[in-house]
Amino acid sequence: MIRQTLCSVIFLFILFFSNSILADEAFITAQNGQSLDIIDLASMTKRLSVPIAGKPAGVALSKDGRRVFVTSPEGHFITIVESKAGGIEKKIPINGGPLGVVVSPSGERLYVTDFYDDMLVEIDLNTQKQRYLPIGSKPAGLALTPDGQTLLVAARDDNQIIFVDPQRFRKIDQLVVGRHPYGVTIDAAGQRAYVANVESDTVSVINLASRQVIAQLKVESHPYGIALASGRIFVSNQHSESLSVFDAKDLTPVATVKVGDYPEGICASIDGAIVYVANWFSNELWAIDAVTLKVRAKTATSDGPRAFGLFVAPAL
Amino acid sequence: MMMHATFFKKLVVAVLLLSPPCAVYAAHGASPLKVVEEIKVDAPLEKVWSVVDDFAHPISALSIERIEISGNNAPDQAERRLFLKDGLMITEMLTKRDGERFMIGVHRKTDNIQLLPAVNYTSLITLRSLDQDHTVVEWKARFYRGYPNNNPPPELNDDVAVMAVKKLIIGELAALKKHIEKPVGQ
């Protein structure tokens, strides 16, 4: 009896810690396969695949990890998915082609780039009201500072980053970066932003206080997204099947890591120990150790994983 | 409003059809498409690689009349201009050559939806040895539909682009197999 109880306690202990420490989950939009894959990252296995029409591309998660927001540029809607069971909570129609998406820290508002109509869209999730702001040519990636006070949008075909005041929903500044900026990532301190310039094979480092480009990092061919983990900058290079890695403090190159074909969406684990990258052509999610830079695991995804956005959340 | 949208779409299609082939990385939609096809060639890997790797002398099912070459046969420099019998011209750039993976990458710089209802078309061709005498050629293509904006007309939508690229690649792989396997002296 005592032995059984002890075993149960140990079992529960292991279960508790394996869940709380290791089990982040990834929410991977498969644009060609038209689904959202929910992947348990402790075991690197697909837990669920939720069918989503309209070539899903962008993804964002509420802070508590309970809701997933997915853009469908060809379906002209956003899907809200309940992350645990994968149930579809709501479909929100958008005028044009929703691509990038972020959630406000309060979880009450969504900001979405409309790639086809050159708009920034704000959606109030309580009232369902939408506001549209002309933002520049082919808006793609976007990122919010942790305090939710500043929004950065990559206007791809204008080669610019647009600074937006989300409260007033107004442009406050613009900054020329490289050719065809796409993915945008802001650090946890809200001090710097990193922008992948697809056609100039560079990453622009922006000081958010001065709104200036303080460095242009040379990466490999066609950078797409950026993740920050363990004091390092990880950049996915679509045409080079690689990640360029830099020291985040002094911006010096650390290494180049070979990954799968056409790496696109990239995101750090919650604890920053691992970087996950979706390989669009080879249909895989790879886990790279952020310190040793070794490949820890790979898993198959649905067709054409794009995972454009912050796609990792703690498991519930 | 609907009239306007339809008119606008027709106008865009007309411009796309009439305009000369455009420069590198032209306007494209938000959703990249892919096609993957492969074929088994009855020849050793080295022999297949010597043909596939010869960027200046492409084996193709297209009716090529003559070819102009520039740029040293080096990735991101080498270009070939394929002049077709019907007067159309295709410019392609060598984007990648990986002798360890037996892979080359080719990007079509000239989008022409009369020729192919897809834009920003890039191929990755990879060889895999089956045994001493057999090689698999895998052809992967990434591209976008021919219509770069929202709500494409039916003749320039994603499905049309995928079908056209699939047909193109199957033809190219068959031509390659035929060329390599033909008996000596023919």
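Begin by selecting helix α2 of chain B together with its surroundings: the buried residues of α2(B) pack against the strands β1 (33-41), β5 (103-108), β6 (118-131) and β7 (134-145), and against the helix α3 (158-181), of chain B. Please bear in mind that this is a predicted model.

Next, select residues 45-52 of chain B, which form α2. Which residues of this helix are buried? They are B:Leu45, B:Val48 and B:Val52. Now turn the view until you look down the axis of α2(B): the buried residues fall within an arc of 70 degrees, so they line one face of the helix. In general, an α-helix has 3.6 residues a turn, so residues three or four places apart point the same way. Then select B:Glu46 and B:Ser50, which are exposed on the other side of α2(B).

Move on to the place where the chains meet. Here 10 residues of chain B are in contact with 16 residues of chain A. On the side of chain B that touches chain A, the elements giving two or more residues are β1 and β7 of chain B. The residues on this side of chain B comprise three nonpolar, four polar and three charged.

Finally, colour chain B by pLDDT. Its average is 89, and 85% of the residues score at least 70. Select residues 20-25 of chain B, where the pLDDT is below 50; this stretch has seven contacts in the model beyond near neighbours in sequence. For the complex, the predictor gives an ipTM of 0.86 and a pTM of 0.90.

Key. Residues are numbered from 1 along each chain as its sequence is written. Chains are lettered from A and ligands numbered from 1 in the order in which they are written. This is a predicted model: local features need pLDDT of at least 70, side-chain atom pairs count only at pLDDT 80 or more; totals for chains, interfaces and linings use all residues. A residue is buried if 20 or more other C-beta atoms lie within 10 Å of its own, exposed if 12 or fewer, and partly exposed in between; C-beta atoms are placed from the backbone. Helices (H or I, at least four residues) and strands (E, at least two) are DSSP runs, numbered from the N terminus. The arc is that of the directions from the helix axis to the C-beta atoms. Two residues are in contact if their C-beta atoms, placed from the backbone, lie within 7 Å. Ala, Val, Leu, Ile, Met, Phe, Trp, Tyr, Cys and Pro count as nonpolar, Asp, Glu, Lys and Arg as charged, and the others, Gly among them, as polar. pLDDT is the predictor's confidence in each residue, from 0 to 100.
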